[in-house]
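Please read them alongside the coordinates.

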Amino acid sequence: MTDIESTPTETQRDLDVDDVGEIADDVIENVERVIVGHPDAIEHILTALFARGHVLLEDVPGVGKTMLSRAIAASFDCSFKRVQFTPDLLPSDVTGANVYNQKTQTFEFRSGPIFANVVLGDEINRAPPKTQSALLEAMEEGQVTIDGETHSVPDPFAVIATQNTVERDRTYDLPMAELDRFMKKLELGYPTAGDESEMLENVVGTHPIEAVEPVASLADLEDIRAVTADVTVEEPVRTYVTRLARFTRNHAELGASPRASVLLLRAAQGRAVLNGRDYVVPDDVQTEATVVLPHRIRSGAAERTAADLVADALENVPVE
């Protein structure tokens with residue numbers, strides 16, 4: 001009897017920083033076919049995905065939050081689910097539930113939309129806190145526990161959530177425990193006149209989101225995350241992140257948590273990769289601090305916003 005050596009059908013693609021930069025350029029170009037005038041927001045979402053983070057998009061209705069999220073998700077060939085948060089949405093509508101099967105006389109788990117590589121939580125602040133909290137375990141630990149049984153969500157996994165800033169009497173503020181799990185909080189703002197005109201030209205006929213095709217695979221995203229995690233962070237940069245966080249704690253009612261420091265460092269790694277480097281520099285930290293730190297801070301002074309406090313930290317904490 002002769003042993004036949006098997007040949008693997010697939011070979012995992014190993015990427016380097018240059019490869020990641022090329023893929024990022026392809027994704028950005030793909031997304032900009034749908035979303036005009038928000039290059040910074042696109043880059044911030046990409047660096048969060050690269051760095052294993054979640055993103056919260058907050059702004060008035062109609063500025064493209066959902067379209068931006070869909071376009072980025074569609075650019076990667078991975079599973080995608082959208083959850084429309086409403087006041088009557090239940091936690092089980094997000095996570096899934098054990099359902100009794102009369103034929104087998106057993107309970108079977110039916111997974112909810114949270115079991116996808118990229119989950120879009122649309123208008124997350126329209127659902128009550130109990131339903132919002134259904135995301136917490138998945139966002140932090142990559143798993144969901146239902147009736148004492150733990151189910152792992154797909155890997156990679158990322159949540160992109162949107163919330164509007166109007167109709168406050170019809171929405172529920174996200175608790176700090178949930179806000180702290182989002183790596184970044186972004187605002188889009190209104191487009192310029194030129195960008196809005198270009199957008200109107202693009203949407204004549206069919207919407208460009210319907211034509212978006214993947215330009216990167218799930219394996220690419222997995223490799224990109226591995227490359228990002230291996231980006232070098234020297235001790236002076238780690239110390240700089242620590243001192244920024246401590247500045248906020250010493251000058252605010254509620255400062256940046258240790259989780260904020262971790263996520264800021266990871267976001268800086270993502271920024272370094274996007275800029276073609278395998279090491280973090282202080283500029284990476286400074287760029288990411290403006291969107292990683294403010295939503296975790298309560299300044300305690302009406303005349304001083306959390307963004308003002310972060311700006312003060314970046315101005316006063318020296319790089320050593």
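**Notes on the predicted model**

1. Phe-115 has a relative accessibility of 16% and so counts as buried (under 20% relative accessible area; exposed is over 50%, partly exposed lies in between, with a 1.4 Å probe and protein chains only). Phe-109, with a relative accessible area of 26%, is partly exposed. A search of the whole structure gives two aromatic pairs. In the pair formed by Phe-109 and Phe-115, the ring centres are 5.7 Å apart and the planes are at 75°, so the pair is edge-to-face. The criterion for rings of Phe, Tyr and Trp (its six-membered ring) is centres within 6.5 Å, with planes under 30 degrees apart called stacked, over 60 edge-to-face and the rest tilted.

2. On provenance: this is a predicted model, in which local features need pLDDT of at least 70 and side-chain atom pairs count only at pLDDT 80 or more, while totals for chains, interfaces and linings use all residues. Residues are numbered from 1 along each chain as its sequence is written, and side-chain values use heavy atoms, with hydrogens and water left out.

3. Strand S9 (residues 158-164) is mostly covered, with seven of its seven residues buried. Helices (H or I, at least four residues) and strands (E, at least two) are DSSP runs, numbered from the N terminus. In a regular strand the side chains alternate between the two faces of the sheet. In S9, Ala-158, Ile-160, Thr-162 and Asn-164 point one way, Val-159, Ala-161 and Gln-163 point the other way, and all are buried.

4. The peptide bond joining Asp-155 and Pro-156 is cis, with omega about 5°. Pro-156 is in the loop between strand S8 (149-152) and S9. Its backbone oxygen lies 2.8 Å from a polar atom of the side chain of Asn-117 (a polar contact is a pair of N or O atoms within 3.5 Å; within protein, one must be able to donate a hydrogen and the other to accept it, and residues adjacent in sequence count only if both atoms are side-chain atoms).

5. Asn-117 belongs to the loop between strand S5 (106-111) and strand S6 (118-122). Its relative accessible area is 7%, so Asn-117 is buried. Not counting residues up to four places away in sequence, Asn-117 touches Cys-78, Ser-79, Pro-154, Asp-155, Pro-156, Phe-157, Ala-158 and Leu-218; contact means heavy atoms within 4.5 Å.

6. Ile-124 lies in the loop between S6 and helix H5 (129-132) and is buried, with a relative accessible area of 0%. Leaving aside neighbours within four places in sequence, the contacts of Ile-124 include Leu-56, Phe-85, Ala-161, Thr-162, Gln-163 and Leu-174.

7. The largest nonpolar core has 70 residues, and those with the most contacts inside it are Phe-50, Leu-68, Phe-76, Val-285 and Leu-293. Helix H11 (residues 258-274) supplies the largest share of this core, eight residues. A second, separate core of 24 residues includes Leu-56, Ala-134, Ala-138 and Leu-174. A core here is a set of buried Ala, Val, Leu, Ile, Met, Phe, Trp, Tyr and Cys residues joined through side-chain atoms within 4.5 Å.

8. Two residues other than glycine deserve a backbone check. Gln-105, in the loop between strand S4 (96-101) and S5, has a positive phi near 55° and is exposed, with a relative accessible area of 60%. Asp-147, in the loop between strand S7 (143-146) and S8, has a positive phi of about 55° although it is not a glycine; Asp-147 is exposed, with a relative accessible area of 69%.
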